[in-house]
Amino acid sequence: MSFLSATLSRVKPSPTMAVTQKASELKAAGRDVIGLGAGEPDFDTPQSIKDAAVRAIAEGKTKYTTVDGIPELKQAICDKFKRDNGLDYTPAQVTVNSGGKHTLYNALMATLNPGDEVIIPAPYWVSYPDMVLLAGGTPIVVEASLETRFKLTPEQLEAAITEKTKWFIFNSPSNPTGAGYSHAELKALTEVLMRHPHVWVMTDDMYEHLAYDDFKFATPAEVEPQLYERTLTCNGVSKAYAMTGWRIGYAAGPAPLIAAMRKVQSQSTSNPCSISQYAALAALTGPQDFLATHNEIFVRRRNLVVSMLSEIDGITCPVPEGAFYVYPSIAGLIGKTTPAGTRITDDETFATALLEEANVAVVFGAAFGLSPNFRVSYATADETLKEACSRIQHFCAALR
Ligand SMILES: Cc1ncc(COP(=O)(O)O)c(C=O)c1O
């Protein structure tokens, strides 16, 4: 019998982290590689947040805290939900965890039994299906197509629901597509959920503040207040506040679910880092002006990348509403051959050849459950993006 657990054998390591690592290895070996794989802002954490962390250290806030968050931070999270989303929560309905990933993991561990199904629209953030598997559930992946700009239709959601469905995982703006559901599009999905009272909603609002042009962010419990009793609204400071390394995520939902998540956390990681909690408190209660400044930069980069990739014959690149990703289709390049003799049979061979022959690292679409596409993260300097897109243009132009 294997020493490792059988559950673990069903789970794969994160492909996005694998691409980032491969790009770093090639760079370290002297290759001029541009990595467009990483899912984090290139901005530094704002100074006011760093100062709050330094103060916390100086004041000795360096001990264990209550398991799922200091009271001040929980209150700040309640205030944030009221301010941004019109949602009323009390601190007993709030949990603070070691990153947004940990929040989702706690929720799945606290609720899934063997046979429970979790509906996951594809393209999905890579961790959803594997976390469901780790927690003993069954991921039910439903593919949203390029034609609907990567958004699940109400008919698809309806068809995927069975009596075993426990959760519907919703993510807008999305990683990996950047697609954001409008209020009306989300309402159409919540109408389906209203017909199935046993289905709960886990909404991952991590990219809430990264929304562009006239797109207005909406979250399920706000769009359909009757879903409040069966919605876990998840968020975090990682992306909006450029705090990926600090590891703070949070969620609000029905108190019994929050208590169950606390139990999981109490027997695994205990409290999130005390210093990071004070930093997150400063992020949520301090100045928010840099959000708009960052978004101006992100919009400019998104437009640059979409326009340069759209010039390529064989690539279709929709303009996303948010996050910092684009998810172009390479359907028109399948079957072609690179100058080095590699045949592009799918998005994985495309991404591998692009790295080997043009020194650009992107993540292939199969990793996110929808092919043939690739994900570009544009959270990097304009000049670097220009150079990377120009390399992709030359690489594609040389295909025969
Ligand atoms: C959609 C989505 N949810 C959650 C996370 C996890 O965020 P954190 O770094 O806070 O764990 C990410 C990070 O890539 C993400 O893209």
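Leucine 354 touches Val360, Val362, Ile392 and Phe395, leaving out residues up to four places away in sequence. The model is predicted. Its domain assignment gives domain 1 (6-44 + 290-397) and domain 2 (63-285).

**The nonpolar core**

- The largest nonpolar core has 120 residues.
- Within this core, Leu354 and Val360 touch the most other members.
- Helix H11 (residues 274-285) gives the largest share of the core, 7 residues.

- The C-alpha centres of domain 1 and domain 2 are 26 Å apart.
- Their contact takes 34 residues from domain 1 and 31 residues from domain 2.
- On the domain 1 side, the elements that give two or more residues are helix H2 (15-28), helix H12 (289-310) and strand E9 (325-326).
- H12 provides the largest share of that side, 5 residues.
- By class, the domain 1 side of the contact divides into 17 nonpolar, 10 polar and 7 charged residues.

- E2 is joined to strand E8 (residues 249-252) by 4 bridges, and the two run antiparallel.
- Across this pairing, valine 96 stands opposite tyrosine 250 in E8.

- Strand E3 (residues 117-122) is mostly covered, with 6 of its 6 residues buried.
- One side of E3 carries Glu117, Ile119 and Pro121, and the other carries Val118, Ile120 and Ala122.
- Both of these faces are covered.
- E3 and strand E4 (residues 138-143) run parallel, joined by 6 bridges.
- Isoleucine 120 in this pairing stands opposite valine 141 in E4.

**The sheet of E9, E12 and E11**

- Here 3 strands form an open sheet in the order E9-E12-E11, with antiparallel pairing.
- E9 and strand E11 (363-364) stand at the edges with a single partner strand each, so one side of each has no neighbour in the sheet.
- E11 is joined to strand E12 (residues 374-377) by 2 bridges, and these strands run antiparallel.
- Valine 363 has arginine 375 in E12 as its bridge partner.

**Phenylalanine 217**

- Phenylalanine 217 sits in the loop between strand E6 (200-204) and helix H9 (220-223).
- Phenylalanine 217 is buried because 22 other C-beta atoms lie within 10 Å, and the cut-off for buried is 20 or more.
- Its contacts are Gly180, Glu208 and Ala211, leaving aside neighbours within four places in sequence.
- Phenylalanine 217 and tyrosine 181 are 36 residues apart in sequence, yet 7.7 Å apart in space, C-alpha to C-alpha.

Definitions and conventions. Residues numbered from 1 in each chain as written. Predicted model: local features only at pLDDT ≥ 70, side-chain atom pairs only at ≥ 80, totals over all residues. Core = buried A, V, L, I, M, F, W, Y, C linked by C-beta atoms within 7 Å. Buried ≥ 20, exposed ≤ 12 C-beta atoms within 10 Å, placed from the backbone. Contact = placed C-beta atoms within 7 Å. Domains from an automatic or database assignment. Nonpolar A, V, L, I, M, F, W, Y, C, P; charged D, E, K, R; others polar. Pairing = 2+ DSSP bridges.
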